[in-house]
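Morning, everyone. I'll go element by element, then turn to confidence.

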Amino acid sequence: MSKHVVARVAELPPGERKLVTVKGRPIAVFNLDGEFFGLMNRCPHQGAPLCAGDLTGLMTADTPGEYQMSRPGEIIRCPWHGWEFDVRTGQSWCEPSRIKTKQVPVEIAAGEALVKGPYIAEKVAVAVEEDYLIVEV
Amino acid sequence: MNVILPGAATANPVTRGAIDCDLHPGVPGIATLLPYMNDFWRDSFVRRGMDGFDLASYPPGAPLSCRPDWRPASGKPGTDLAQFRAQALDGFGTRFAICNTLYGGQVAVSETMGAAICSAINDWIAAEWLAADPRLRASIVVPAQAPHLAAEEIERLAGDRRFVQVLLPVAAELLYGKSYYWPIWAAAEKHGLPVGLHAGAMFRYAPTSNGWPSHYLHDYVSQSHSFEDQLLSLVSEGVFVRFPKLRIVLLESGVSWLPGFLWRSVKTWRGVRSEVPWVKRPPAEIIREHVRLTVQPFDVPADDATATGDILRQIGADDMLLFATDYPHWQFEGGNVLPPGIPPETLRRIMVDNPLATYPRLQESIA
């Protein structure tokens, strides 16, 4: 495992997502109101690029015909077959214990700290005054 | 031709003591029902000369409607109680037999006339059949065209524990998940009565989703589509969420279409489940919990000993299937009521355990 600088925090405002590639692996990074989450950009069903799907809320209902929507922007729907995944956990809604996409830890680090290492920043130029997103792969 | 199944009662260990979940007493005609009608309807049927309410789905003279060796010397199939007892009950060694009367009350265009015929059938079957043999049980027949009257009929008869089920045709005027039908599901659930959906349609709407078939071949084979439609409707409209104790029994559905249907329903649900968010579990799981199927007919090749086992494995639950002869309908020859290849433990469940678990009122009567 190694930590990689993948983007400036400012590049990824709340509600946005960004596809990055680390060690040849595509990773979707999401900003949920200032919290960052990473998922392998690969649907466990047939390998579709999850990052290209719609970000939506969680639709629930306790009784037929009474719809509720919660957690806006926290569910990614696979662009191929519509399976829903929880951005926070990578778990599918349909079978959370069995069908999930791999989570990738994301953290924020100040440029000042990054300059000292041990981070790998081959693609992102680091400036001491900025904050950066780090993924561990 | 009345002697059938030579030695079956003693020689057929498969059916002895079994619970037969689908048999069809025949209604001789409206005259039989007149004593069970009120003055208005008795007068109406006589004065207007109305009779012949046999269903288009099972015309009495059609080959399917009666196995040749079960066809009475005179009269309609299933109308002779003595023959019914000798062939269907003694012949198979049946412990309990559930009578599902198929007649025009369930489909009549007039809501109130349909309800009157249904009520008369229920009182007739109680007085002249159930009272005559302790092995007999019956489904409450109800007017599918008037759900509020159907619910009233369920309420009227639910106290008689010999009625163990409510009976509807599988194809009615609307899909059964629609809230229009919810009074039926509410009444059935309240009284612990499963609802049986039997092959057959009202025949005033096309019985296939693409229109009217030209031939019997198409009509009968396509019945499985109606079963699939109704199951999807019940699941997707949330009937099993609203009525969590409701049980549905598919009668004469053919069974073997089920695995592919379950698989496809799960596959599609995974992608579009947010449009029906009350469906919180895969449809196959919901159906395995709430739905049972009688095994007459069981559409598998009789010369392939592995086919049945494959289908049972794909269905994925050994508590879903219920024994039935479909007497007097012509589904099999001699005593070969089930296809080969059913494991003995599963067979015992199909014959006895599953029917007892499905029909709590049968369980009561042996407790």
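Strand 1 of chain B pairs with strand 2 of chain B, residues 96–99, in the parallel sense. That pairing runs over 3 bridges. For a landmark, find B:I19: it stands opposite B:F96 in strand 2 of chain B. Keep in mind that this is a predicted model.

Is strand 1 of chain B enclosed or open? Strand 1 of chain B, residues 19–23, has 5 of its 5 residues buried, so the rest of the structure largely encloses it.

Now chain A, and a sheet with the other sense of pairing. Here we have an open sheet of 3 strands, in the order 5-6-7, paired antiparallel. Its edges are strand 5 (54–60) and strand 7 (84–86) of chain A, and each of these pairs on one side only. From one strand to the next, the twist averages 60°.

Look at one pair in that sheet. Strand 6 of chain A, residues 68–77, and strand 7 of chain A share 3 bridges in the antiparallel sense. As a reminder, strands of a sheet pair through backbone hydrogen bonds, either parallel or antiparallel.

Next, helices, back in chain B. Helix 11 (residues 258–272) and helix 12 (residues 283–290) of chain B pack with their axes 8 Å apart. What is the angle between them? About 135°. Helix 11 of chain B and helix 12 of chain B are therefore oblique to each other.

Who makes that contact? From helix 11 of chain B come B:L262, B:S265, B:V266 and B:W269. They meet B:P283, B:A284 and B:I287 in helix 12 of chain B. By class, the residues of this helix contact are 6 nonpolar and 1 polar, with no charged ones.

On to the contact between the chains. Chain A puts in 11 residues and chain B puts in 12 residues. On the chain A side, 6 are nonpolar, 4 are polar and 1 is charged.

Finally, confidence. The predictor gives the complex an ipTM of 0.89 and a pTM of 0.93. Chain B averages a pLDDT of 94, and 97% of its residues score at least 70. Where does chain B fall below 50? Over residues 1–9 of chain B. Beyond near neighbours in sequence, that stretch has 18 contacts in the model. Where pLDDT is low, the predicted coordinates should not be read in detail.

That's my tour. Questions, please.

Methods. Residues are numbered from 1 along each chain as its sequence is written. Chains are lettered from A and ligands numbered from 1 in the order in which they are written. This is a predicted model: local features need pLDDT of at least 70, side-chain atom pairs count only at pLDDT 80 or more; totals for chains, interfaces and linings use all residues. Two residues are in contact if their C-beta atoms, placed from the backbone, lie within 7 Å. Ala, Val, Leu, Ile, Met, Phe, Trp, Tyr, Cys and Pro count as nonpolar, Asp, Glu, Lys and Arg as charged, and the others, Gly among them, as polar. Two strands pair if DSSP finds at least two bridges between them. Helices (H or I, at least four residues) and strands (E, at least two) are DSSP runs, numbered from the N terminus. Axes are lines fitted to C-alpha atoms, for helices over the stretch in contact, and angles run from 0 to 180 degrees between N-to-C directions. A residue is buried if 20 or more other C-beta atoms lie within 10 Å of its own, exposed if 12 or fewer, and partly exposed in between; C-beta atoms are placed from the backbone. pLDDT is the predictor's confidence in each residue, from 0 to 100. Angles under 35 degrees count as roughly parallel, over 145 as roughly antiparallel, 65 to 115 as roughly perpendicular and the rest as oblique.
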